[in-house]
Amino acid sequence: MPGFTPVQVQEFDTMWLVLKSEIKQFLKENKMAPEVLDRLDWSLDTNTLSGRRSRGLQVPNSARALVGSTSSLSEEQERDLTILGWLIQLQSSYVFLCDDIIDGSLLRRGEPTWWSRPEIGKTAVNDAFLINFCIYFLLKKHFKHHPAYTTLFELFQESSFLTEAGQAGDHLVGGDPGNFDKFTMTKYEQVVKGKTGHYICLPVLIALTYLQLATPKNVAQTCDTLMAISYFLQVQDDYLDVFGDPAITGKIGTDIQENKCSWLIVQALERCTPDQRKVLERCYGQPSDHLAEEVKQIFRRLKLDQVYKEYEEQALIGLTEMVESIDETEGLKKEVFSMFGSEYQIISN
């Protein structure tokens, strides 16, 4: 049990209508057509309100963990941290929307992806841009005179920049079906750090910065710990893409068809026979579901589901030890990182 009262989704959501109204009012004052406001309203609600708000909630909840109790934060601080949490939610919406377009994903959290709706299509690109711009509009509106404004702005900007560069690496590494020269564990770790590592660090860094606790030691410990957690979560996501049940995961796995440099294919290449490698070279990265099934059969013969479960068991031990070793002398708290345990889907049990 946490030593503080976590912010509940219902409590967090009360701020959304206020922020959305401010965005629309700004566009209205600048003579945007009603159709633009209606479309943005629809896009923001559809793309930002899906899911559990877990990344957004990490901002106020990290702050509560850092100060030790809810009562230690003023009403103004609680409000500011909730707003910053919603900016994180907007960033997530932007990243996921772009990723779904590039990957051609049809489902996210069990619902049709925004771009795949017949009435949306390619115009989803413009919707993604608008969602991203909303971050900086709201940041300026609410924090322009805050002493941490410049640092907060830079954190959002650098996180988005590095995440999108990492996404580019994810697609470029897997750009040549049948050629596995780049599919090494070293390259995989580099791709994961780029596309998810900086992204997962941001909520805690925002809370540390707002509370003036972002010392070099605290920032370094935060990034090291969350990079390790993000790597674990990405490996788990790769596993579920192939072995997960879409009814539970909420998405149809496409890593094989998209020629992704995933943890599973790297593990397979380290274990397969020459004949099995030929099958992988012929089938991996092809759009055919039939060929994807041949790849999955190789994965099953190599018992990669068991390889993953052994990895998971050891990784969770390592993460627990890492969190327990956090130095709290400069205000960082171990409890900040224990909150991320709710993101794990323990499969090895």
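So, Lys20 is found in helix α1; helices here are DSSP runs of H or I with at least four residues, numbered from the N terminus. At 8% relative accessibility, Lys20 counts as buried, where buried means under 20% relative accessible area, exposed means over 50%, and partly exposed is in between, with a 1.4 Å probe and protein chains only. Before I go on: this is a predicted model, where local features need pLDDT of at least 70, side-chain atom pairs count only at pLDDT 80 or more, and totals for chains, interfaces and linings use all residues. Residues are numbered from 1 along each chain as its sequence is written, and side-chain values use heavy atoms, leaving out hydrogens and water.

What does the side chain of Lys20 make a polar contact with? It's the side chain of Asp41, at 3.0 Å. By polar contact I mean a pair of N or O atoms within 3.5 Å; within protein, one must be able to donate a hydrogen and the other to accept it, and residues adjacent in sequence count only if both atoms are side-chain atoms. Leaving aside neighbours within four places in sequence, Lys20 is in contact (heavy atoms within 4.5 Å) with Asp41, Leu44 and Asp45.

Staying with α1, residues 9–29: this helix packs against α5, residues 124–143, at an angle of about 100°, with the axes 11 Å apart. Axes are lines fitted to C-alpha atoms, for helices over the stretch in contact, and angles run from 0 to 180 degrees between N-to-C directions. From α1, the contact takes in Leu19, Glu22, Ile23 and Phe26, and from α5, Cys134, Phe137, Leu138, Lys141 and His142.

Now over to helix α4, residues 75–103, where you'll find Ser93. Ser93 is buried too, with a relative accessible area of 5%. Skipping neighbours within four places in sequence, Ser93 is in contact with Asn47, Thr48 and Ile131.

Gln89 also sits in α4, and at 6% relative accessibility Gln89 counts as buried. Not counting residues up to four places away in sequence, Gln89 touches Phe12, Thr48, Arg53, Ser54, Arg55 and Gly56.

Last stop, the largest nonpolar core. That's a set of buried Ala, Val, Leu, Ile, Met, Phe, Trp, Tyr and Cys residues joined through side-chain atoms within 4.5 Å. Of its 102 residues, Leu84, Phe156, Leu280 and Phe299 touch the most other members. Helix α7, residues 185–210, gives the most to this core, with 14 residues. As for Phe299, leaving aside neighbours within four places in sequence, its contacts include Val242, Phe243, Ile256 and Leu280.

Definitions and conventions. Helix = DSSP H or I, 4+ residues; strand = E, 2+ residues; numbered from the N terminus.
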